[in-house]
Amino acid sequence: MTTSPIASGGLRDRVGAYVALTKPRIIELLLVTTIPTMFLAQGGLPNLWLVLGTLVGGALAAGSANAYNCYYDRDIDAVMNRTKRRPLVTGEVTPRNALIFATVLGVVSLVWFALLINAFTAWLTFAAIALYVVFYTMILKRRTSQNIVWGGVAGCMPVFIGWAAVTGSLSWAPVALFGVIFFWTPPHYWPLSVKFKKDYAEAGVPMLPVVASERRVAVEMIVYTVAMVACSLILVPLAHMTWVYTVVAVVLALWFGWQTWLMLDNARHGRAKTGKIAMNVFHASITYLTILFVAVAVDVFLPF
């Protein structure tokens with residue numbers, strides 16, 4: 001259900017509404033993983049035009065997928081406090097225009113990759129959009145508490161795309177990075193779901209924190225964190241990383257592992273600070289992924 005369109009908004013407001021459909025903050029995180037992956041694939045500094053082209057194409061593709069998500073989820077967005085100000089809910093953008101916008105972005109991104117990067121990246125980009133829109137948004141999100149786990153595959157694709165942009169192929173190193181992001185996604189997103197559990201329950205979305213105890217959520221987060229750390233360390237022999245990356249990965253693992261343990265400890269003792277601790281873990285997860293991938297990029301240039 002939407003309200004009447006905002007007629008008084010000017011061009012800047014309308015542009016801002018369409019930008020909001022693309023969920024720019026999510027795009028930023030995806031691009032943070034793409035650039036270091038390209039550095040690693042090159043073994044140094046790739047062609048800057050190639051990097052820029054890959055980032056532009058990736059932003060267009062992610063924007064398309066997110067806009068499709070906003071279009072399909074506009075009914076549940078309207079009943080959730082966290083999302084009720086999105087453009088399709090407020091009426092700043094009509095469903096028809098949002099669908100056209102998402103489709104144009106998607107087509108342009110595929111043509112962009114096919115013509116300016118290579119055909120393989122175009123196919124990977126198509127798979128990423130399809131995974132997020134069809135597999136996650138349309139099939140999994142409203143049907144299973146493991147929605148974000150398997151739906152998170154789409155968020156892992158930028159490392160494949162970045163690697164393929166440089167090499168034209170894939171190898172085991174990007175698979176390890178894929179694994180890092182895949183196992184990172186649940187301990188990143190479930191804390192947010194804990195914080196907004198009431199919203200998801202009212203919208204009928206069976207996120208794990210809605211259908212399971214906080215203790216079970218915390219335990220599963222720790223399990224995924226262990227798998228994530230394992231993938232980050234497997235990268236060391238696969239990509240011949242130096243001791244600098246190794247130390248950073250271990251320190252980050254201990255720090256983030258401690259954050260998830262605090263969440264479990266809080267759930268076990270039934271303390272009242274669940275929302276605050278959950279958001280601490282959420283923000284810590286972003287810091288973890290950012291620093292880890294910065295370490296990947298820096299490690300490439302170390303002489304030892």
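Predicted model: local features only at pLDDT ≥ 70, side-chain atom pairs only at ≥ 80, totals over all residues.

I started with ring pairs and got a count of ten aromatic pairs. My rule: rings of Phe, Tyr and Trp (its six-membered ring) pair if their centres lie within 6.5 Å, with planes under 30 degrees apart called stacked, over 60 edge-to-face and the rest tilted. Residues are numbered from 1 along each chain as its sequence is written, and side-chain values use heavy atoms, with hydrogens and water left out.

**Phe39 and Phe301**

I looked up Phe39 with Phe301: the ring centres are 5.6 Å apart and the planes are at 90°, so I logged the pair as edge-to-face. The two sit in distant parts of the chain, 262 residues apart, with Phe39 in helix 2 (residues 24–42) and Phe301 in the segment after helix 15. For helices I use DSSP runs of H or I, at least four residues, numbered from the N terminus. Then burial, where buried means under 20% relative accessible area, exposed over 50% and partly exposed in between (1.4 Å probe, protein chains only). Phe39 is buried at 14%, whereas Phe301 is partly exposed at 45%.

**Trp150 and Phe182**

Next I checked Trp150 with Phe182, a tilted pair with 5.6 Å from centre to centre and 50° between the planes. This pair also links distant parts of the chain: Trp150 is in helix 8 (residues 147–151) and Phe182 in helix 10 (residues 172–195), 32 residues apart. I have Trp150 down as partly exposed at 48% and Phe182 as buried at 11%.

**Charges over rings**

I also looked for charges over rings (NZ of Lys or CZ of Arg within 6 Å of the ring centre and within 35 degrees of the ring normal). Arg74 lies over the face of Tyr71, 4.4 Å from the ring centre. Arg82 has its charged end over the ring of Phe196, at 5.6 Å from the centre.

**Core**

Which residues have the most contacts inside the largest nonpolar core? I found Leu40, Leu235 and Tyr245, in a core of 93 residues. Such a core is a set of buried Ala, Val, Leu, Ile, Met, Phe, Trp, Tyr and Cys residues joined through side-chain atoms within 4.5 Å. Helix 15 (residues 274–299) gives the most to this core, 13 residues.
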